[in-house]
Structure formats: C-alpha cells, structure tokens
Amino acid sequence: MKVIVIQTTCLNEKEAKKLSRVLVEKKLAACVQILPINSYYIWKNRLCNDNEVLLNIKTRKSNFKTISKFILENHSYDVPEIVVFEINMISKDYKNFIKKNSKKQ
C-alpha cells in the first residue's frame, strides 16, 4: 500500500472542516490536518493576498481519484488546489494507522 498526502486550500475554516469531516467519516482519508495560511497568487490578472485554510489529507494512493473528484464537486473555488505528495519513507506504525483508518476505493 502506497501512502500519499493530498493538499488543497479552502476559503475558510467552515469549508475546511466540512470537507475534512466527510473524508474521514467515509474513510477516504485516515487523517486531515487543517492549518491557517496566507496565500499570494495571480487570479484574473490581479495580485491577490488571502487568508486561506490548508488541508493535508493523508490517505492511500488508490484513493486519489475518488478524493480528487470529491474535492472538485464540493469545493467553493473554481480551480481548487489538488496537489499530491508521494510518501517514500514512513514509519511502520503510522502506515498501519493509515491502512486501518482508510478504505481502498
């Protein structure tokens, strides 16, 4: 089983909690971390600086397509960030935690 971290940003904490709760309750993810961040980016030819909420979604690699589809269907942004980090090294106990608390999709 390969472990990944999917990263996305949300407009606010309410949206972040809503997405996180569903992902964990449906066992699409074993854990989701929610962090406040400040982002600079260009949108529609304008420099933007916004407070956002970053989600680190810890899951099985096999769940990527399902989670990506869920984010696209339930996110408030026109173009939500969906970035994946493949984990090459992980403790045996934490890998077992991910395996136990997420279901293969």
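## Basis of the model

This is a predicted model, in which local features need pLDDT of at least 70 and side-chain atom pairs count only at pLDDT 80 or more, while totals for chains, interfaces and linings use all residues. Residues are numbered from 1 along each chain as its sequence is written, and side-chain values use heavy atoms, with hydrogens and water left out.

## Overall fold

The protein contains three helices and four strands, arranged along the sequence in the pattern β-α-β-β-α-β-α; these elements are DSSP runs, numbered from the N terminus, with helices being H or I of at least four residues and strands being E of at least two. Its C-alpha atoms fill a box of roughly 45 × 25 × 20 Å along the principal axes.

Buried residues make up 35% of the 105 residues, where buried means under 20% relative accessible area, exposed means over 50%, and partly exposed lies in between (1.4 Å probe, protein chains only). Among contacts (heavy atoms within 4.5 Å) with a separation of 6 or more, 73% involve residues 24 or more positions apart.

## Around Glu81

Glu81 is found in the loop between helix 2 (64-74) and strand 4 (83-86), and it counts as partly exposed because its relative accessibility is 23%. Leaving aside neighbours within four places in sequence, Glu81 is in contact with Gln7, Thr8 and Thr9. The side chains of Glu81 and Gln7 are joined by a polar contact of 3.0 Å, a term for a pair of N or O atoms within 3.5 Å in which, within protein, one must be able to donate a hydrogen and the other to accept it, and residues adjacent in sequence count only if both atoms are side-chain atoms.

## Around Asn63

Asn63 lies in the loop between strand 3 (46-60) and helix 2, and is buried, with a relative accessible area of 0%. The side chain of Asn63 makes a polar contact of 3.1 Å with the side chain of Thr59. Beyond neighbours within four places in sequence, Asn63 has contacts that include Lys27, Leu28 and Gln105.
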